[in-house]
Amino acid sequence: MENRNNLTIFFVSLGCDKNLVDSEVMLGILREHGFLLVDDEMEADVIVVNTCSFIHDAKEESIQTILEMAEMKHSCRCKALIVTGCMAERYKEEILTEIEEVDAVIGTTSYQHIAEVVDEVLQGQRVQQFDDLQAMPEVDVRRTVTTGGYSSYLKIAEGCDKHCTYCIIPKLRGSYRSYSMEYLIRQAEMLAEQGVKELNIVAQETTVYGVDLYGRKMLPELLKKLCRIEGISWIRILYCYPEEITDELIQVIKEEPKICHYLDLPIQHGCDRILKRMGRRTTKAELKAIIGRLWEEIPDIALRTTLIAGFPGETEADHEELLNFVKDMRFDRLGVFTYSEEEGTAAAEMPDQIDESVKEERRDALMMAQQEIAFEKSDEMIGRIVDVLVEGRLPEEDIYIGRTYRDAPDVDGYVFINAEEEMMSGDIVRVQITDAQDYDLVGDVIYEFTE
Ligand code: F3S
């Protein structure tokens with residue numbers, strides 16, 4: 001291990017869980033190179049901001065954070081400010097020319113060079129580090145898990161080939177590339193050794209894992225191998241394309257007890273005209289068929305989706321159709337974004353862009369319809385006995401917080417657990433649900449069944 005004379009690093013990770021995995025790899029590399037991580041930017045010699053550039057608000061947040069951190073170079077001990085991730089990939093020139101405090105920009109396939117770049121910056125250089133967008137670094141480093149230690153993300157692929165008309169991701173992250181299965185197993189084993197119990201499988205799209213590397217969809221096989229890893233108790237699959245779900249995948253979810261009966265299927269819309277304009281490859285009828293099939297095969301499966309409100313050309317009738325689709329489908333979890341016009345995408349060039357206020361009204365209408373469904377679904381949980389992953393304890397109270405298999409980290413609900421005995425974060429306990437409070441549940445630990 002190299003010694004960097006205890007130089008301190010402060011790290012900000014913005015954007016999605018895929019970006020967070022890159023952050024954790026960078027943190028692992030920096031730690032191995034002898035840097036000390038600190039949680040106060042004022043104490044940092046080096047500040048890294050791993051940015052997002054997906055939609056307008058994400059870009060605003062990234063710029064704001066860079067500017068705040070730039071201040072540290074004037075008022076505190078910071079000697080180097082480094083910007084990485086999706087915004088660095090998209091606006092490298094602008095960032096370096098317009099924010100003079102930024103010393104280096106690193107692209108989305110070059111994060112493995114973070115320690116060398118820090119060294120170069122500290123020697124007075126201004127650095128641009130951009131490997132080929134199709135590069136695929138498999139960095140065998142012990143990641144610094146920032147999500148509580150017992151739950152983590154496993155990114156199984158990079159980039160995307162779907163080219164939905166609203167999405168900038170292929171320009172930021174390249175075409176779809178799967179990580180090798182050997183690499184993923186090594187990563188998952190390392191995470192398990194570090195105490196991770198819940199693995200959340202992520203990628204821009206998880207369902208076509210392996211096609212580029214092995215010539216066929218290998219997610220079911222990968223899942224089976226991950227299930228054999230000691231210490232991993234829950235595996236949760238996020239970012240599935242509905243049309244790519246196979247019988248084999250459904251079978252594995254049914255058969256493997258470690259795989260949560262939970263799927264995240266971002267469908268974006270429920271009206272054929274808009275689905276087509278979005279460049280999505282499914283029709284409403286196909287979506288209904290696959291969702292119906294999932295519920296038939298796995299009756300207790302929880303389905304999450306995300307929608308876009310106010311896509312260019314969306315009429316009041318299209319919106320009503322989507323609203324009815326939401327009411328019909330009764331998703332367990334649902335998030336809605338207003339459409340964000342992204343320079344460089346086909347949708348940004350489309351006529352009939354919708355007013356911001358209309359987009360917001362439509363988003364709110366969708367959320368209101370879903371709220372009713374979600375609250376009813378919470379009520380339906382009363383009386384059920386479910387395993388819950390403990391995440392912490394409410395300060396000064398004997399009440400713990402946890403999640404069921406139906407709740408992905410950060411985006412879904414919680415269970416407030418009454419317990420007679422002390423529990424640790426990461427424990428999985430059996431809980432009888434006694435009450436529902438909107439999106440959240442309340443329950444008591446059943447001790448005779450405690451694992
Ligand atoms: Fe943002 Fe990049 Fe993720 S644009 S949403 S951080 S892939």
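Visitor: With what handedness does α7 pass α9?

Guide: Bear in mind that this is a predicted model, where local features need pLDDT of at least 70, side-chain atom pairs count only at pLDDT 80 or more, and totals for chains, interfaces and linings use all residues. Residues are numbered from 1 along each chain as its sequence is written, and side-chain values use heavy atoms, with hydrogens and water left out. Helices (H or I, at least four residues) and strands (E, at least two) are DSSP runs, numbered from the N terminus; a crossing is left-handed if the near helix is turned anticlockwise from the far one by less than a right angle, and right-handed if clockwise. On that convention, the way α7 passes α9 is right-handed.

Visitor: At what angle do α7 and α9 pack?

Guide: Axes here are lines fitted to C-alpha atoms, for helices over the stretch in contact, and angles run from 0 to 180 degrees between N-to-C directions. For α7 (residues 181–193) and α9 (residues 219–227), the axes are 10 Å apart and the packing angle is about 30°.

Visitor: How do α1 and α5 divide their contact residues: how many are nonpolar?

Guide: The axes of α1 (residues 17–32) and α5 (residues 114–122) come within 9 Å and cross at roughly 60°, which makes α1 oblique to α5. On the α1 side you'll find M26, I29 and L30, facing I114, A115 and V118 of α5. With no polar and no charged residues there, the nonpolar count is 6.

Visitor: And E24, is it buried or exposed?

Guide: E24 sits in helix α1. Leaving aside residues up to four places away in sequence, E24 touches R143, T144, V145, T146, T147 and S152. Buried means under 20% relative accessible area, exposed over 50%, partly exposed in between (1.4 Å probe, protein chains only); at 2%, E24 is therefore buried.

Visitor: Which residue in β14 is the bridge partner of I308?

Guide: β13 (residues 302–309) and β14 run parallel, joined by 6 bridges. Within β14, the partner of I308 is F337.

Visitor: How far apart are the C-alpha atoms of C240 and E205?

Guide: C240 lies in the loop between β11 (234–237) and α10 (247–255), and it counts as buried because its relative accessibility is 0%. Its contacts beyond four places in sequence include T206, T207 and L263. E205 is 35 residues away along the chain, yet the C-alpha separation is 5.6 Å.

Visitor: Which residue stands opposite G392 in β16?

Guide: β15 (residues 385–393) pairs with β18 (residues 428–437) in the antiparallel sense over 5 bridges, with V386 opposite V431. β15 also pairs with β16 (residues 399–403), again antiparallel, over 4 bridges. In that pairing, the residue facing G392 is I401.

Visitor: What phi does D410 have?

Guide: Most residues other than glycine have a negative phi. D410, in the loop between β16 and β17 (415–418), counts as exposed because its relative accessibility is 66%. D410 is not a glycine, but its phi is positive, at about 70°.

Key: Pairing = 2+ DSSP bridges. Contact = heavy atoms within 4.5 Å. Parallel < 35°, antiparallel > 145°, perpendicular 65-115°, else oblique. Nonpolar A, V, L, I, M, F, W, Y, C, P; charged D, E, K, R; others polar.
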